[in-house]
Each structure stands twice: as C-alpha cells, then as structure tokens.
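Have the sequence and the structure open side by side.

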Amino acid sequence: MNSYLGSIIKQFEYYKSLGDKTFAQLSFEEMQWQSDEDTNNISIIAKHIVGNMLSRWTNFLNEDGEKEWRNRDDEFINSYNTKEEIIASWESGWSCLFKAITPLETVDLERIIYIRNQGHTVTEAINRQLAHYSYHIGQMVFLGKLLKGKDWESLSIPKGDSSKYNTNKFSKEKGRRHFTDDL
C-alpha cells in the first residue's frame with residue numbers, strides 16, 4: 001500500500017481510538033452533559049461526526065460528499081437514548097470511512113471528487129476530513145477529561161511521565177514505525 005494511504009488509515013484509526021477510549025470512561029449521562037443549551041455534548045458531537053462520515057464517504061468517488069439525504073441540522077439535536085446507540089452509530093460512521101478509503105490505490109489520490117460542488121483531489125478530501133474529525137474528537141476528549149477530573153485516565157503521555165516515556169522510546173533502535181504502533 002502507498003505510504004500516504006497506509007499512514008492516513010493509521011491516523012484515522014488513532015483518532016477513532018481516542019473517541020473509543022473516551023466513551024469507555026464515560027456513562028451515558030456524562031455523554032449528555034452540556035454546559036448550556038447552546039453547546040454540544042459528547043453524544044451530539046459524535047452524532048455530527050457520524051453524519052458527516054456517512055455523507056462524505058458513501059459513494060464518495062462518484063457522488064457529491066454532501067448528500068441530499070443528509071440533515072446536518074438534525075445532527076445537533078440530541079436523540080440518542082443509550083450509550084450503546086451512540087457507540088453503534090459511531091461504529092457505522094467509521095465503517096463507512098474505512099470501507100471507502102481502504103481499497104484506494106495511489107492512482108486514486110489525484111482524482112477529483114466534490115463536496116458541495118467544490119472540487120477536491122481525493123488527497124485533499126481525506127486531509128480535510130482528518131482535520132475535521134480530529135478537531136471534534138479533541139472536543140470530546142476535552143469534555144471527557146473535564147467531566148472525569150482526577151478520575152480521567154490519560155489518553156496520551158500522563159503529566160509527569162514525559163521523561164519515562166522518552167527513556168522508553170530512546171531505548172529502542174532507530175527505525176521507521178508509526179507513532180501509534182505502541183499504543
């Protein structure tokens with residue numbers, strides 16, 4: 001597989017794992033918490049990401065990424081009834097994304113696709129969506145950390161452990177590997 005394509009799949013897997021690990025630490029009630037009625041809670045953010053994924057990645061090489069059937073405004077209305085519903089929806093979005101990008105080949109990267117009639121190369125569209133999803137997943141992680149406080153289990157290098165982490169990394173031979181290989 002092309003280096004870019006292999007790397008981008010790993011990046012998407014990494015951001016999915018951050019969402020997964022956030023969900024694992026939270027109750028349904030915590031995922032519903034909003035600081036006020038104009039802010040999004042974790043379940044709404046997840047619903048928006050899923051709506052975007054299903055629209056962007058369904059038949060993305062042949063159809064505009066903003067599907068007629070998508071109701072983006074509905075994505076910001078809290079409608080999940082259980083944590084299991086959130087996770088099932090989350091998984092459906094990621095499944096759609098991975099089914100779309102896994103079979104891509106190098107020649108596909110320069111193909112032009114459209115999002116709201118704006119042409120993008122496949123590479124540009126992938127980069128656009130990676131940035132969009134990581135932005136929102138960062139919001140979910142932040143909210144999770146805020147809600148759990150001292151009970152939050154770090155998803156990266158915990159405070160005070162940088163030296164220990166670096167010692168472990170530098171104890172290994174130099175080599176090409178993805179930063180997520182050890183996670």
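How much space lies in the largest cavity? About 30 Å³, in a predicted model where local features need pLDDT of at least 70, side-chain atom pairs count only at pLDDT 80 or more, and totals for chains, interfaces and linings use all residues. Residues are numbered from 1 along each chain as its sequence is written, and side-chain values use heavy atoms, with hydrogens and water left out.

A cavity here is a set of points, on a 1 Å grid over the protein atoms alone, where a 1.4 Å probe fits but cannot get out; points are joined across faces, edges and corners, and the volume is the space filled by probe spheres set on them. The structure has one cavity of 30 Å³ or more.

Who lines it? Look for R56, W57, I113, I115, A125 and Q129, lining residues being those with an atom within 4 Å of a point. At least two lining residues come from each of α3 (42-57), β1 (112-115) and α5 (122-148); helices (H or I, at least four residues) and strands (E, at least two) are DSSP runs numbered from the N terminus. By type, the lining has four nonpolar residues (Ala, Val, Leu, Ile, Met, Phe, Trp, Tyr, Cys or Pro), one charged (Asp, Glu, Lys or Arg) and one polar (the others, Gly among them).

Now for the loops. Most residues other than glycine have a negative phi. N59, in the loop between α3 and α4 (83-101), has a positive phi near 50°. N117, in the loop between β1 and β2 (118-121), has a positive phi near 70°.

Note on methods:
1 Å grid on protein atoms, 1.4 Å probe; cavity = no way out; pocket = protein on both sides within 12 Å on 5 of 7 lines; lining within 4 Å.
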